[in-house]
Each structure stands twice: as C-alpha cells, then as structure tokens.
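Take a look at the model first, then read on.

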Amino acid sequence: MACHDPARVVHAVTDGEITKVGWQNQKAHRGKKAGAWYRVVVSGKEKPTLDGHMTPGSNPPKGTVVHVGDVLGTMASPTNGHATGMHDHHMEWDSKGKLIKPSGDSPLTNGVRSCIYGETGPSHPKPHCGDDWVIKK
Ligand SMILES: [Zn+2]
C-alpha cells in the first residue's frame with residue numbers, strides 16, 4: 001500500500017542490493033533470536049544494513065539495486081513486532097560483518113535516535129541490538 005507521509009520513508013544509507021525482505025522471527029524483539037518483524041536487508045559492498053518494523057509491501061522487491069537515499073519502504077504504523085511505537089530498527093555491519101555501533105547517518109529524512117545500541121529499558125530489559133530511529137519532533 002502506498003504511503004504518502006514522506007516522514008515515514010526509510011532511505012538506503014548504503015549502495016547495494018536488496019537481498020532479503022519479509023518477516024523475521026515474529027515471536028521476539030529481543031534476545032538471541034530477536035526479530036525485527038517486517039524487515040528489509042540491503043547487502044552492500046561496504047555496509048550491509050537491516051531496517052525493521054517496516055510496512056509490509058512498502059519496499060521494492062528483493063533483487064532491486066539501491067543507492068544511498070533510495071526508498072526502502074516506510075515505517076509501519078501501527079508498528080509491528082515487540083515495539084511500543086512507530087520506529088525504524090536499524091542495523092549496520094562493516095565489510096567484515098562486525099556490527100557498527102552506533103550506526104551512521106539517519107535512514108529517515110528527519111530522524112533522531114530514540115534507542116541506541118546496548119541501551120536497556122522497559123521495552124528492552126536486555127541490551128538493545130541496533131539503533132532505533134524516530135521522526136524528530
Ligand atoms: Zn529496536
């Protein structure tokens with residue numbers, strides 16, 4: 001379904017190819033088998049990324065070549081997964097497969113980090129594995 005709210009659009013922060021789309025472990029948002037629910041994975045030469053809690057079907061299909069700034073889809077609203085509100089769960093890895101903490105540029109045009117790597121709290125009793133981005137107010 002098309003989304004007409006540009007603030008909800010998640011943009012690629014790396015050049016690459018969309019290699020995975022769809023549901024990841026629908027039962028957990030935290031722990032070893034944590035899932036990001038509907039997620040889009042871009043495999044790039046430099047920096048593979050994952051964006052979760054996305055609107056199913058808002059993304060270009062698997063196999064699409066994307067460049068920095070291209071649309072990957074929109075944040076789901078209401079959100080999906082074990083999340084308390086709309087956000088983009090964003091993860092980045094370096095060329096050796098090591099998680100980048102914190103991640104770099106915002107995938108949102110007007111984004112701000114709401115939950116960072118390693119942070120704990122009511123929704124994340126175990127250290128959060130990724131950066132959450134929300135629309136800056
Ligand atoms: Zn998250």
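Two residues are in contact if their C-beta atoms, placed from the backbone, lie within 7 Å. Among contacts in this protein between residues at least 6 apart in sequence, 58% join residues at least 24 apart. The model is predicted: local features need pLDDT of at least 70, side-chain atom pairs count only at pLDDT 80 or more, and totals for chains, interfaces and linings use all residues. Residues are numbered from 1 along each chain as its sequence is written.

**Overall make-up**
- The protein has nine strands and zero helices, where strands (E, at least two residues) and helices (H or I, at least four) are DSSP runs numbered from the N terminus.
- From the N terminus on, the elements run β-β-β-β-β-β-β-β-β.
- Of the 137 residues, 39% count as buried, that is, 20 or more other C-beta atoms lie within 10 Å of the residue's own, with C-beta atoms placed from the backbone.

**The sheet**
- Strands of a sheet pair through backbone hydrogen bonds, either parallel or antiparallel.
- Two strands pair if DSSP finds at least two bridges between them.
- Here, seven strands form an open sheet in the order β5-β2-β3-β4-β7-β9-β8, with antiparallel pairing.
- Its edge strands are β5 and β8 (111–115), each pairing on one side only.

**Neighbours within the sheet**
- Strand β2 (residues 16–23) is joined to β5 (residues 65–66) by two bridges, and E17 has V65 as its bridge partner in β5.
- Six bridges join β2 to β3 (residues 38–43), where V40 is the bridge partner of V21.
- Three bridges join β7 (residues 88–92) to β9 (residues 131–135), and H89 has its bridge partner D132 in β9.

Notes
A residue is buried if 20 or more other C-beta atoms lie within 10 Å of its own, exposed if 12 or fewer, and partly exposed in between; C-beta atoms are placed from the backbone.
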